[in-house]
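Me: Please take a close look at one part of this model, the place where the two chains meet. Keep it brisk.

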2 protein chains.
Amino acid sequence: MTATILDGSALAKSMRAELDEEVTAFKEEYGVTPTIAVVRAGEDPGSVWYANAIKKTMAGRGMEAQIHVLPETATQEELADLVAKLSTDPGIHGIIVQEPMPKGIDEGLVKAALSPDKDVDGVHEVNAGRLAMVAPVGRPEGVGPFFTPATPAGGMEILRRHGVELSGKHAVVVGRSNIVGKPMALMLMRENATVTMCHSRTADLPAVCRQGDILCAAVGRPEMIRGGWIKSGAVVIDFGVNDVEGKMVGDVAYDEAVEVAGMITPVPGGTGPMTNIMLAKNVLEAARRQVTK
Amino acid sequence: MTATILDGSALAKSMRAELDEEVTAFKEEYGVTPTIAVVRAGEDPGSVWYANAIKKTMAGRGMEAQIHVLPETATQEELADLVAKLSTDPGIHGIIVQEPMPKGIDEGLVKAALSPDKDVDGVHEVNAGRLAMVAPVGRPEGVGPFFTPATPAGGMEILRRHGVELSGKHAVVVGRSNIVGKPMALMLMRENATVTMCHSRTADLPAVCRQGDILCAAVGRPEMIRGGWIKSGAVVIDFGVNDVEGKMVGDVAYDEAVEVAGMITPVPGGTGPMTNIMLAKNVLEAARRQVTK
């Protein structure tokens with residue numbers, strides 16, 4: 001058996017076309033251009049690359065990205081002040097503060113300056129709390145509107161658009177970061193999956209992974225998850241983005257996994273291309289909430 | 001084999017003695033009596049009983065509980081206004097808003113009026129968010145101080161005081177309420193357990209439960225979890241409080257479970273007596289944070 005490839009590049013492309021129409025309609029109705037501020041201190045190459053990618057995605061959709069760069073030597077107060085100022089600027093609808101922040105900066109205090117309403121990457125504690133407390137689908141939500149981190153949201157969108165049944169299925173999530181693993185686990189449970197959360201201390205990880213009807217990998221270790229760890233026919237969502245001698249490699253040993261899984265995201269071209277489009281969707285949504293409230 | 005009984009009543013008793021000393025020292029140092037406001041609308045019998053139990057526990061420790069009761073007909077605005085007023089009252093260190101709230105009241109809006117600093121039962125989205133985002137033990141926390149719901153905190157305390165190893169163990173949590181199941185799952189993962197979150201949609205629940213080195217039940221269905229669902233030697237934490245013909249019964253079929261489990265909380269006398277003492281500890285902690293900040 002060879003797995004169906006879950007083509008994130010193709011899906012992102014069709015979503016961009018959908019979003020273009022929504023943005024056009026929004027701008028016509030409200031006369032407002034949805035705008036994100038991308039904030040960082042210093043010139044971390046990954047951050048520079050990602051900021052430019054956001055700018056390109058936003059511009060392509062008729063939206064705007066403002067890049068705000070402080071020097072590497074910026075103090076915590078300067079960074080927090082900038083985020084606070086953008087949080088009250090009515091021309092800014094979404095804010096993303098790029099990590100890693102310079103040494104000595106308390107990321108928590110910087111995030112505390114961020115308005116939850118503009119937290120389009122779902123890193124603020126209020127957004128994390130609402131995701132943690134939201135009711136399962138089909139029941140009244142019980143919490144206010146919130147944003148979820150763009151990367152796991154992209155993984156969920158891939159599952160949804162490919163009609164993968166989640167309710168009652170066993171989902172195994174490997175990795176417990178606040179930006180991928182934990183929100184992914186909570187989103188899967190919201191869709192009524194039974195969810196096992198694994199991490200570096202999990203005993204017999206291969207056996208646990210083999211239980212997953214859906215297996216999500218977000219550990220940042222190249223090809224750690226082998227073909228033999230995958231349940232036959234499982235749906236594999238690989239969030240890994242590892243640089244191995246200049247080649248981008250996922251957390252899953254793709255060549256082995258593709259022989260066992262029922263569906264799998266490739267790396268590159270799987271979850272990666274989805275992140276930007278999910279973030280752009282959140283910026284439009286943030287603008288809509290702010291304009292209509 | 002017969003399981004070791006995890007005696008929550010005895011543990012709560014010894015914790016009350018410990019807390020008494022801490023409260024005495026705190027009052028001597030700061031001249032402040034830690035005080036909780038218990039707020040409700042109407043006379044739901046369970047709420048009346050619980051409010052009185054809180055009052056008794058607090059009084060016994062030299063702390064204070066104020067019971068604030070609005071009529072059943074109170075509007076959402078009246079309830080939220082009371083909570084907001086107590087949130088800014090320097091004489092009140094902790095607030096608990098009892099549920100169920102009267103029909104037509106949006107619990108989310110009432111909770112939004114609650115100061116997270118006084119949310120000693122961990123129901124506010126900021127506290128839920130910090131629990132969701134806190135780092136595993138042994139790593140820098142990365143979030144501000146927070147409170148967790150008293151009931152699962154009591155379950156964790158039982159595990160801790162009995163020296164139950166959690167790191168690398170497989171914990172299965174049945175039930176996903178915001179007040180027990182979900183926070184319990186997050187607290188177990190924080191202690192480096194591998195955690196499976198189960199619920200009403202879980203397929204083959206008995207088989208999933210049998211994987212648990214630690215099995216936590218919080219479903220509110222009397223004796224649903226049978227002896228055959230329990231891994232031999234597992235530690236069973238039963239949060240169930242079900243009234244069956246006037247008798248209090250847990251979610252676990254105790255007589256069967258006690259023959260299979262390694263350790264088990266009885267009902268009554270297990271997790272129940274721990275809730276109040278954990279809440280009282282949180283009131284002291286809230287008072288300390290407010291007095292020293």
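Reply: Strand 6 of chain A pairs with strand 6 (residues 194-198) of chain B, antiparallel, over three bridges. Pairing here requires at least two DSSP bridges between the strands. Met197(A) has Val195(B) as its bridge partner in strand 6 of chain B.

This is a predicted model: local features need pLDDT of at least 70, side-chain atom pairs count only at pLDDT 80 or more, and totals for chains, interfaces and linings use all residues. Residues are numbered from 1 along each chain as its sequence is written, while chains are lettered from A and ligands numbered from 1 in the order in which they are written.

Now the wider contact. Chain A contributes 27 residues and chain B contributes 27 residues; contact means C-beta atoms, placed from the backbone, within 7 Å. On chain A, helix 5 (125-133), helix 7 (181-190) and strand 6 (194-198) each supply at least two residues of the side that touches chain B. These elements are DSSP runs, numbered from the N terminus (helices: H or I, at least four residues; strands: E, at least two). Helix 5 of chain A gives the largest share of that side, seven residues.

Then the symmetry. A rotation of 180° with 0.0 Å of shift along its axis superposes chain A on chain B, RMSD 0.0 Å. The two copies are thus related as by a two-fold rotation axis. Within chain A, Gly129(A) comes closest to the rotation axis, its C-alpha at 1.7 Å. The same surface serves both copies: 100% of the contact residues of chain A recur in chain B.

Conventions: Copies are superposed by least squares on the C-alpha atoms of residues with pLDDT of at least 70 in both. Two residues are in contact if their C-beta atoms, placed from the backbone, lie within 7 Å.
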